[in-house]
Amino acid sequence: MSQATAQKVPAGAPASAPRKRSGATGGALSQVAGALVSVTSRIFGEVATRGETALADFRARPEHSRWRAYTLGGYGAIAIATLAGQLYTSNALGAYVRVQRVELPAMTQIFVRNDSRKPWRDVTLTLNGIYDFHAEQVPAGGHVMLPVTRFAVRDHAGKPTWAPRNIAPRALTIATESGRYEAELAE
């Protein structure tokens with residue numbers, strides 16, 4: 001060794017003294033970390049034990065079962081009400097109704113389409129609650145387009161009185177053997 005790089009070691013001291021000091025520091029830090037882990041695990045271990053005990057006591061109570069049943073019943077009622085609201089329709093026939101005004105010649109037509117998957121049989125269309133039109137069948141996806149003058153009121157002998165050309169359609173009722181639908185017609 002050169003004298004510039006050589007360290008002076010006191011007489012009687014072993015050559016590994018600096019390493020022992022760092023080992024003592026590491027050992028002290030290790031003991032402090034171990035003590036910290038021990039203390040925190042005791043604290044959190046007690047918390048976990050108390051939590052588990054409290055949960056077990058809560059579950060053992062009869063009120064717990066009752067509240068759980070109330071909660072699940074409430075969620076079930078909300079789900080059923082939501083589903084019923086989404087599936088409910090006042091248009092059970094699947095009918096689409098539109099009023100079509102034509103300028104030349106001046107007249108009004110009523111367009112009715114069967115948007116359901118089943119045909120309508122024995123169909124009666126009633127305009128404004130007075131005038132009727134009867135069709136034997138409207139197939140699924142089929143439609144009927146009628147001028148208002150095709151709707152009629154029949155007397156006891158069956159003689160028709162046709163609706164006037166200038167009638168203002170306000171309501172249309174569709175009655176079939178499988179159901180009924182009433183549509184409000186906007187001007």
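Is Y96 buried, partly exposed or exposed? In this predicted model, Y96 is partly exposed, with a relative accessible area of 31%, where buried means under 20% relative accessible area, exposed means over 50%, and partly exposed lies in between (1.4 Å probe, protein chains only).

Residues are numbered from 1 along each chain as its sequence is written, and because this is a predicted model, local features need pLDDT of at least 70, side-chain atom pairs count only at pLDDT 80 or more, and totals for chains, interfaces and linings use all residues. Side-chain values use heavy atoms, with hydrogens and water left out.

**View 1. The protein chain as a whole, with two helices and nine strands.** Running from the N terminus, the elements follow the order α-α-β-β-β-β-β-β-β-β-β; helices (H or I, at least four residues) and strands (E, at least two) are DSSP runs, numbered from the N terminus. The chain has 187 residues, of which 21% count as buried. Among the contacts with a separation of 6 or more, 47% are made by residues 24 or more positions apart, a contact being heavy atoms within 4.5 Å. The average pLDDT, the predictor's confidence in each residue from 0 to 100, is 82 for the protein chain, and 88% of the residues score at least 70.

View 2. Where pLDDT is low, the predicted coordinates should not be read in detail.

**View 3. An open sheet of three strands in the order 1-2-5, with antiparallel pairing.** Strand 1 and strand 5 are the edge strands, each of which pairs on one side only, and neighbouring strands of the sheet are turned by 15 degrees against each other on average, direction ignored; the axes behind this angle are lines fitted to C-alpha atoms, for helices over the stretch in contact, and angles run from 0 to 180 degrees between N-to-C directions. Strand 1 and strand 2 run antiparallel and are joined by eight bridges, and a hairpin of four residues connects them. Strand 2 also pairs with strand 5 in the antiparallel sense, over five bridges; two strands pair if DSSP finds at least two bridges between them. Six of the eight residues of strand 2 are buried, so this strand is largely enclosed by the rest of the structure.

**View 4. I110 in strand 2, which spans residues 107–114.** I110 is buried, with a relative accessible area of 1%. On one strand, V99 has I110 as its bridge partner in strand 2, and I110 also stands opposite L146 in strand 5. Leaving aside neighbours within four places in sequence, the contacts of I110 include R98, L127, V144, F151, P169 and L185. V148 is 38 residues from I110 along the chain, yet the C-alpha atoms of the two are separated by 6.7 Å.

**View 5. The largest nonpolar core, made of 25 residues.** A nonpolar core is a set of buried Ala, Val, Leu, Ile, Met, Phe, Trp, Tyr and Cys residues joined through side-chain atoms within 4.5 Å. The members that touch the most other members are I110, L125, L127, F151, L172 and I174. Elements giving two or more residues to this core include strand 1 (95–102), strand 3 (120–127), strand 4 (131–138) and strand 8 (171–176). Not counting residues up to four places away in sequence, L172 touches I110, L125, L127 and F151, among others including V97, V112 and Y181. In soluble globular proteins, nonpolar side chains tend to be buried together.

**View 6. The aromatic pair of Y96 and F111, one of three aromatic pairs in the structure.** The two rings are edge-to-face, at 6.2 Å centre to centre and with 70 degrees between the planes; rings of Phe, Tyr and Trp (its six-membered ring) pair if their centres lie within 6.5 Å, and planes under 30 degrees apart count as stacked, over 60 as edge-to-face and the rest as tilted. The pair links distant parts of the chain, with Y96 in strand 1 and F111 in strand 2, 15 residues apart. F111 counts as buried, at 11% relative accessibility, and the bridge partner of F111 in strand 5 is M145.

**View 7. D122 and N128, each with a positive phi although neither is a glycine.** D122, with phi of about 55 degrees, lies in strand 3 and is partly exposed, with a relative accessible area of 42%. N128, with phi near 55 degrees, sits in the loop between strand 3 and strand 4 and is buried, with a relative accessible area of 13%.
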